There are 2 protein chains.
Amino acid sequence: MRSGRVRIKDIAAEAGVSVTTVSYILNKTPTQTFSPETVKSVLDAANKLGYVPNMAAKALVSNRSHMIGVVIPQTEQHREVMFSNPFYGDFLSSVEYTARQNGYHILISGTNADQTYIGVARTRGLDGIIILGMYMEQHYDEIKKAGMPVVLVDCYVDGHDFNTVKIDDLQGGYMAAKYLLDKGHRRIAHVTGRLKERGVNQQRMYGWKKALEEAGAAYDRSLLYDGEVSYEYGVILGGRLAESFRESGVTAAFVSADIMALGLYKGLKDGGVSVPGDISVVSFDDTWIAGICDPALTVVRQDVALKGKTAVEAVLGIIDGGITEKREIILPIRIVERGSVIGK
Amino acid sequence: MRSGRVRIKDIAAEAGVSVTTVSYILNKTPTQTFSPETVKSVLDAANKLGYVPNMAAKALVSNRSHMIGVVIPQTEQHREVMFSNPFYGDFLSSVEYTARQNGYHILISGTNADQTYIGVARTRGLDGIIILGMYMEQHYDEIKKAGMPVVLVDCYVDGHDFNTVKIDDLQGGYMAAKYLLDKGHRRIAHVTGRLKERGVNQQRMYGWKKALEEAGAAYDRSLLYDGEVSYEYGVILGGRLAESFRESGVTAAFVSADIMALGLYKGLKDGGVSVPGDISVVSFDDTWIAGICDPALTVVRQDVALKGKTAVEAVLGIIDGGITEKREIILPIRIVERGSVIGK
DNA sequence: TTGAAAGCGCTAACAG
DNA sequence: CTGTTAGCGCTTTCAA
């Protein structure tokens with residue numbers, strides 16, 4: 001059986017009008033007006049026949065697919081899309097909802113090692129793309145060359161005139177460290193992902209460092225623990241932190257993602273170090289898992305759902321031609337106090 | 001700028017052949033053969049011009065979109081898709097990867113209250129749909145009427161000739177309860193989501209009940225705690241379980257989802273009941289969060305990634321016409337022992 | 001081994 | 001207010 005069996009031609013026949021009329025009426029084309037009877041007969045016919053528009057045909061002729069693509073970081077081997085970090089799930093959920101409310105659908109696709117996303121974007125005729133995180137410079141050039149509406153989320157690449165949505169990650173790192181400093185902590189470790197040039201983790205690290213320096217607190221490379229943003233790496237780094245606990249004098253840690261913080265809890269605990277008794281922890285993001293651990297995480301909270309919504313609105317703005325200039329949207333963040341920090 | 005600027009017509013001109021030839025060569029149509037020179041010139045031209053196929057046009061003419069849809073349960077108000085349960089993220093990640101390896105893309109869309117998914121499926125010309133979980137009977141009728149390749153995952157609706165992928169949930173429930181029974185527990189509570197007719201939770205509950213009855217262990221309605229499958233509800237039910245802990249004599253609980261089990265931990269703990277000291281817990285699924293809590297969850301493990309892969313292969317099988325008869329694929333499960341259970 | 005041509009379902013000039 | 005018609009980019013008979 002074929003899909004979309006009923007075509008506007010059938011409606012036209014049923015209603016005794018032309019396909020043009022049907023098209024205009026079904027699309028509520030503002031420039032065209034019709035007699036109420038014509039409108040009714042077309043609508044009735046469409047209804048009666050169970051008409052379902054064919055997006056492929058629409059897309060072909062209008063060059064608008066009403067689909068937007070979301071690019072999510074993948075595991076190294078270009079295999080699965082990284083959904084184990086709840087941040088992406090939360091984000092995607094919001095993106096899907098916002099897009100749907102605007103008549104758009106989300107195409108989700110990773111890329112194989114031999115391709116770049118722009119290929120699938122063009123093949124699918126995507127109307128716009130939301131790109132999460134950092135990618136290689138060459139990709140940005142390619143994307144720009146493709147002239148496709150793009151919004152970069154959590155990306156600090158500049159010298160490009162892309163629209164971006166992000167938070168002030170440097171400020172976030174600063175807030176986290178400052179918060180700990182204000183609680184009397186002096187030796188504050190930082191646990192984070194790979195510090196890619198211009199990535200969010202780098203910014204957060206700078207913020208942390210800045211706060212330490214301002215406070216005249218010790219800062220040295222030994223306070224920095226970096227690995228992958230994953231639970232497993234959190235465990236590893238927690239283990240390392242626990243190992244050097246006695247001599248390092250560390251009393252607090254700022255972790256750049258909830259999922260790592262959970263791992264850190266585990267690594268610390270296994271190493272006989274307690275949270276917050278021995279070490280206080282401030283995390284980042286405030287995904288739903290931040291509340292499920294014990295003690296619940298004190299975090300620098302960002303509104304992931306708002307981020308998704310904002311990103312969609314931004315691409316749609318470009319697509320519809322409303323937004324033409326380069327815009328950089330910075331979403332607010334704040335500290336949410338829970339149980340993972342004690343004063344010193 | 002338009003997408004897909006270069007058309008096969010351009011390639012034809014560049015290579016000095018007809019569009020037919022280009023189409024055949026680019027698609028490697030098996031029934032057509034060409035001289036090596038022709039093939040080379042076409043390929044070179046395509047390469048040189050940077051040809052990118054236009055899926056909308058392809059879809060229009062071939063009636064194949066090379067997209068498959070995934071239907072994921074939504075929150076009640078038909079808003080966001082439920083990504084807070086890591087099960088869905090894990091599943092989707094695997095589905096996306098498998099589909100991509102087969103030249104398909106995933107369209108993810110929830111539905112608004114006023115529509116059913118089949119509408120978007122037909123509008124988008126989806127080649128097939130993977131439906132996760134339970135939906136109302138009427139929807140199945142509608143889907144069948146639409147004659148679209150469908151695979152139902154985790155669904156016990158019968159009397160329909162849909163292909164399905166699932167695990168033996170009844171057996172899973174039985175295994176969980178039996179495991180606890182073998183460890184000497186006699187009063188075993190069951191914490192689960194809404195027991196929808198023919199849903200996985202109902203099956204798991206039946207299995208649990210069966211094991212209890214076989215063992216001559218107490219079974220009564222008071223041992224059943226049901227709510228939503230969410231962390232929050234786990235907390236609530238954990239609280240209730242803790243409240244009645246003294247008089248109920250419950251020493252173990254079988255929880256039907258990891259995310260609920262985590263909530264249960266919290267509710268129990270807040271109520272002064274320890275795991276596994278006071279109450280042993282067996283969970284279900286073994287998503288990545290099963291390992292992050294303390295004590296790590298002993299679970300009935302199912303391979304979510306395999307489930308996703310299998311579901312995709314099943315739809316593709318139907319789409320390509322290979323699979324025509326109704327098939328019911330049951331994936332294996334097993335107990336993974338971790339720290340949340342002690343003997344009695 | 002190759003090409004001409006008829007559409008797939010729809011939109012949007014343009015003409016009335 | 002309504003209809004005719006020319007494509008959008010591609011596949012696929014059918015003929016050569």
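In this predicted model, helix H1 (residues 8-15) of chain A packs against helix H3 (residues 36-49) of chain A at an angle of about 120 degrees, and their axes are 9 Å apart. H1(A) is therefore oblique to H3(A), because angles of 65 to 115 degrees count as roughly perpendicular and those over 145 as roughly antiparallel. The crossing of H1(A) and H3(A) is right-handed.

**Contact of H1(A) with H3(A)**
- H1(A) contributes A:Asp10, A:Ile11, A:Glu14 and A:Ala15 to the contact.
- From H3(A) come A:Ser41, A:Val42, A:Ala45, A:Ala46 and A:Leu49.
- Sorted by class, the contact of H1(A) with H3(A) holds six nonpolar, one polar and two charged residues.

**Relation of the two chains**

**Interface between chains A and B**
- Chain B gives 45 residues to the contact, and chain A gives 45 residues.
- On the side of chain B that touches chain A, two or more residues come from each of helix H4 (55-62), helix H5 (86-101), strand E2 (105-108), helix H6 (117-123) and helix H12 (258-270) of chain B.
- H5(B) supplies the largest share of that side, eight residues.
- The residues on the side of chain B that touches chain A comprise 19 nonpolar, 17 polar and nine charged.
- Strand E2 (residues 105-108) of chain A pairs with E2(B) in the antiparallel sense, over three bridges.
- Within this topic, A:Leu107 stands opposite B:Leu107 in E2(B).

**The sheet**
- An open sheet of 12 strands with mixed pairing runs in the order E11(A)-E5(A)-E4(A)-E3(A)-E1(A)-E2(A)-E2(B)-E1(B)-E3(B)-E4(B)-E5(B)-E11(B).
- Its edge strands are strand E11 (328-331) of chain A and strand E11 (328-331) of chain B, each of which pairs on one side only.
- From one strand to the next, the twist averages 20 degrees.
- Strand E4 (residues 150-153) of chain A and strand E5 (residues 163-167) of chain A run parallel and are joined by three bridges.
- A:Leu152 has A:Thr164 in E5(A) as its bridge partner.
- Helix H13 (residues 304-319) of chain A packs on the sheet and touches strand E1 (67-71), strand E3 (128-132), E4, E5 and E11 of chain A.
- The direction of H13(A) makes about 170 degrees with that of E5(A).

How values were computed. Residues are numbered from 1 along each chain as its sequence is written. Chains are lettered from A and ligands numbered from 1 in the order in which they are written. This is a predicted model: local features need pLDDT of at least 70, side-chain atom pairs count only at pLDDT 80 or more; totals for chains, interfaces and linings use all residues. Two residues are in contact if their C-beta atoms, placed from the backbone, lie within 7 Å. Helices (H or I, at least four residues) and strands (E, at least two) are DSSP runs, numbered from the N terminus. Ala, Val, Leu, Ile, Met, Phe, Trp, Tyr, Cys and Pro count as nonpolar, Asp, Glu, Lys and Arg as charged, and the others, Gly among them, as polar. Two strands pair if DSSP finds at least two bridges between them. Axes are lines fitted to C-alpha atoms, for helices over the stretch in contact, and angles run from 0 to 180 degrees between N-to-C directions. Angles under 35 degrees count as roughly parallel, over 145 as roughly antiparallel, 65 to 115 as roughly perpendicular and the rest as oblique. A crossing is left-handed if the near helix is turned anticlockwise from the far one by less than a right angle, and right-handed if clockwise.
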